[in-house]
Amino acid sequence: MRIFDPHIHMTSRTTNDYEAMYAAGVRALVEPAFWLGQPRTSIGSFCDYFDGLVGWERFRAAQFGIRHHCTIALNPKEANDPQCAAVLDILPRYLAKDGVVAVGEVGFDSMTAEEEKAFAHQLELAGEHDLPVLVHTPHRDKAAGTRRTLELVASSGLPPERVLVDHLNELTVQMVADSGCWMGFSIYPDTKMDEHRMVGVLAAYGLDRMIVNSAADWGRSDPLKTAKTGWAMLDKGFTDDDVDRVLWRNPVAFYGQSGRLLLDEIEAEPTATFQGNSVLRGQRPTGQE
Ligand SMILES: [Zn+2]
């Protein structure tokens, strides 16, 4: 199983995670710029974080045999902080860099006027920089947030195939399917969407424009949820080719629109070769999930 995790925050994960992900088949990923939990108090904090995403984290992932890409944006939550608005002015500098494969995460958190303004501005930036866009949908009031998201995308004039609308569930998938945008699903350990419900969505809606991610960060999350979704698909009769399409070819097709994906194999450093249990060696555990 080869896996491209199209949404994972590796900055907040350990080297054990990189080893386990490699063993499970992850060979490439996208790390979207996001909120850091602690509010930033200056523009310099954003610059250092963005520099880390295009520099240090990319290098760190390569040591474990994984190709790292990122998306850059002012995140929805901090769009509400007037101190952070000036970040919009430094984004063009980052959007020009190798390894930056989209504008994101943009979108709504609490659906405020400030969020909407930053969202619309960054949709424009995506057009100017000829990059796709990763859009976060709010965890509260998801249906209304997704509907308003699709209105803004439509009025931006961006082609829907350049937009990935993420964190969907059974209630929001249909409207995004109808819009022509790509559909992203974050698979969580015990809340929101899980891998078994995800398989149900794939059975109902097909595999076209469907993208699955772990969205792992510093909260309770699981960087192997992509692999676990693949295993759950096989259990329900999907083929290896179906799994490859959802976990590799679809995200590669979406982010490949940037012209900046690097997907040739890299060799993990010998010191990173892991001698762990069967899960971490990428074998499917027996008697679980
Ligand atoms: Zn995220």
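**A walk through the model**

Modeller: Let's start with helix H9 (residues 225-235): nine of its 11 residues are buried, so the helix is largely enclosed by the rest of the structure. Buried means under 20% relative accessible area, exposed over 50% and partly exposed in between, with a 1.4 Å probe and protein chains only. Helices (H or I, at least four residues) and strands (E, at least two) are DSSP runs, numbered from the N terminus. This is a predicted model, where local features need pLDDT of at least 70, side-chain atom pairs count only at pLDDT 80 or more, and totals for chains, interfaces and linings use all residues. Residues are numbered from 1 along each chain as its sequence is written, and side-chain values use heavy atoms, with hydrogens and water left out.

Colleague: What do the buried residues of H9 pack against?
Modeller: The buried stretch runs through Lys225, Thr226, Ala227, Lys228, Thr229, Gly230, Trp231, Ala232 and Met233. Going by contact (heavy atoms within 4.5 Å), these residues pack against strand E1 (3-5), helix H1 (15-24), strand E2 (26-32), helix H8 (195-205), strand E8 (210-213) and helix H10 (240-255).

Colleague: Which protein residues are the donors of the zinc ion?
Modeller: Donors here are N, O and S atoms within 2.8 Å of the metal (3.2 Å for Na, K and Ca); water is not among the atoms, so sites may look incomplete. Along the chain the donors follow the spacing H-x1-H-x95-E. Lying 2.1 to 2.2 Å from the zinc ion, they are His7 (NE2), His9 (NE2) and Glu105 (OE).

Colleague: How many residues apart are histidine 7 and glutamate 105?
Modeller: Both histidine 7 and glutamate 105 are buried. Histidine 7 sits in the loop between E1 and H1, while glutamate 105 belongs to strand E4 (residues 100-107), so to speak a link between distant parts of the chain, 98 residues apart.

Colleague: Which peptide bond is cis?
Modeller: Look in strand E4, where glutamate 105 lies. With omega near -10°, the cis bond is the one from glycine 104 to glutamate 105.

Colleague: Which residues have the most contacts inside the largest nonpolar core?
Modeller: A nonpolar core is a set of buried Ala, Val, Leu, Ile, Met, Phe, Trp, Tyr and Cys residues joined through side-chain atoms within 4.5 Å. The largest has 77 residues, and those with the most contacts inside it are Phe50, Ile72 and Phe185. Apart from that core lies another, of 14 residues, among them Phe4, Leu134, Trp182 and Ile211. Back in the largest one, the names you asked for are Phe50, Ile72 and Phe185.

Colleague: Why is the pair of phenylalanine 50 and tyrosine 94 edge-to-face?
Modeller: Rings of Phe, Tyr and Trp (its six-membered ring) pair if their centres lie within 6.5 Å; planes under 30 degrees apart count as stacked, over 60 as edge-to-face and the rest as tilted. By this rule the count comes to 12 aromatic pairs. The rings of phenylalanine 50 and tyrosine 94 have centres 5.2 Å apart, and the pair is edge-to-face because their planes stand at 65°.

Colleague: And where do phenylalanine 50 and tyrosine 94 lie?
Modeller: Phenylalanine 50 is buried, and so is tyrosine 94. The pair ties together parts that are 44 residues apart in sequence, because phenylalanine 50 lies in helix H2 (residues 43-54) and tyrosine 94 in helix H4 (residues 87-95).

Colleague: Is tryptophan 56 buried or exposed?
Modeller: Tryptophan 56 and phenylalanine 59 are three residues apart in helix H3 (residues 56-63), so about one helical turn separates them. Phenylalanine 59, at 44% relative accessibility, counts as partly exposed. Tryptophan 56 is at 52%, so it counts as exposed.

Colleague: How many residues of strand E3 (residues 67-72) are buried?
Modeller: Both faces are covered: Arg67, His69 and Thr71 on one side and His68, Cys70 and Ile72 on the other are all buried. For E3, then, the number is six of six.

Colleague: Which residue in E4 stands opposite cysteine 70?
Modeller: Two strands pair if DSSP finds at least two bridges between them. Three bridges join E3 to E4, which run parallel. In E4, the residue opposite cysteine 70 is valine 100.
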